[in-house]
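Please read the following report alongside the sequence and the coordinates.

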Amino acid sequence: MKDALSSFLPLSPATLHILLSLAGDDLHGYGIMQEALRQSQGLYKLGPGTLYDNLQKLIEQRFIQELGHRADDDDPRRRYYRLTSRGRGVLAAELARLEGVVREGKLRLQPARPRRA
Amino acid sequence: MLRLLYCWALRFHPARFRERFAEEMLSIFDHIEGRAAAAGLLADAFISLLRQWTMRSEYWEEKAAVSVPAGVGGLPVFYTLENFKPRKSALLGGAVLTWIACSSVFLALGHGRIHSVYLPSVSFESPANSEDQLPASTPNLSPTRAIVRPCTQASPRPRTQAIIESGTNTPEADRVWLGRRIPPEANSSAEVSEPQEQAIECLP
């Protein structure tokens with residue numbers, strides 16, 4: 001299972017932000033865009049074209065599940081999306097990979113210790 | 001106006017993408033405030049349009065593949081034996097090559113000319129001084145000046161050029177026309193000034 005998911009790594013920034021947005025709650029497209037903007041502190045703006053292109057791909061890969069409309073939503077055109085357990089697994093694998101990258105980066109960027117003569 | 005353009009951009013997306021996501025994309029466009037943000041979404045829609053048609057061919061015809069019409073004896077009416085789909089890189093390369101070939105042809109058509117060597121080159125100008133003016137009795141005819149420049153190179157088509165420049169439509173008329181104006185001993189540039197009316201009279 002884990003080996004199968006590792007073939008999808010590394011995830012693109014758009015895919016990572018979409019999966020991360022849906023990890024907390026079920027959201028519609030506009031909600032995902034807002035959440036991605038918040039997560040990146042305004043640095044990553046996800047356009048609808050990129051968003052729905054990635055959603056289409058993620059639904060095909062069964063990382064995301066489409067829930068349809070919600071009765072309590074004020075806009076009936078909105079559809080909600082949910083992260084599947086498979087999607088959660090690939091997100092966890094990507095975060096583990098990124099942790100390794102961060103750890104390695106911190107080691108490399110440490111100030112060099114003076115050598116004893 | 002921007003909304004109309006946005007709807008137009010969505011309409012040209014592949015059918016499967018459009019049926020699934022166009023309503024939601026329009027919903028996002030309606031929630032966005034500000035003209036700059038709307039223009040940004042419009043640009044995003046055009047990029048998405050390009051992306052869907054160039055890089056997402058695997059999602060185009062899934063619905064069509066599901067329904068295969070049955071013909072006589074249970075055999076399908078139309079059946080594709082080969083499921084070959086060209087690679088994306090091959091499609092991209094083909095598009096680039098097509099663009100280069102078309103550009104070359106259009107460039108050649110735009111800049112292509114027949115560079116012929118003219119033996120006599122005759123052009124008409126309005127006279128600079130008042131000596132060449134026509135009498136007041138001929139108000140509708142403007143005087144012209146013929147400038148004859150002999151060419152130093154041999155031309156394969158001197159007569160044809162002379163016909164074109166003098167405005168006559170027969171080689172004989174042109175020969176008469178030129179014979180009245182070009183001195184036979186002229187080897188360098190010579191200028192012959194005559195009113196246009198006289199030139200017309202020389203023609204048969």
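Residues are numbered from 1 along each chain as its sequence is written, chains are lettered from A in the order in which they are written, and side-chain values use heavy atoms, with hydrogens and water left out.

**Confidence**

The predictor assigns the complex an ipTM of 0.81 and a pTM of 0.54.

| Stretch of chain B | pLDDT | Contacts beyond near neighbours in sequence |
|---|---|---|
| Residues 158-166 | below 50 | 17 contacts |
| Residues 186-204 | below 50 | 36 contacts |

Where pLDDT is low, the predicted coordinates should not be read in detail.

**The interface of chain B and chain A**

In the model, 24 residues of chain B are in contact with 19 residues of chain A. The two chains, B and A, bury about 2000 Å² between them, 50% of it on carbon and sulfur atoms; buried area here is the accessible area (1.4 Å probe) that two parts lose on being put together, summed over both.

Six salt bridges are found across the interface of chain B and chain A, each a side-chain nitrogen of Lys or Arg within 4 Å of a carboxyl oxygen of Asp or Glu. Glu66(A) forms a salt bridge with Arg20(B), and the closest N and O atoms of this pair are 3.7 Å apart.

On the side of chain B that touches chain A, at least two residues are supplied by each of α1 (2-11), α2 (15-31) and α3 (35-55) of chain B, where helices are DSSP runs (H or I, at least four residues) numbered from the N terminus. The largest share of that side, 13 residues, comes from α2(B).

**Thr15 of chain A**

Within chain A, Thr15(A) lies in helix α2 (residues 13-24). Thr15(A) has a relative accessible area of 6% and is therefore buried, a term that means under 20% relative accessible area (1.4 Å probe, protein chains only). Leaving aside neighbours within four places in sequence, Thr15(A) is in contact with Asn54(A) and Leu58(A). Thr15(A) and Leu58(A) are 43 residues apart in sequence, yet 8.1 Å apart in space, C-alpha to C-alpha.

Technical notes:
Predicted model: local features only at pLDDT ≥ 70, side-chain atom pairs only at ≥ 80, totals over all residues. Contact = heavy atoms within 4.5 Å. Buried < 20%, exposed > 50% of the residue type's maximum accessible area, 1.4 Å probe, protein only. pLDDT = per-residue confidence, 0-100.
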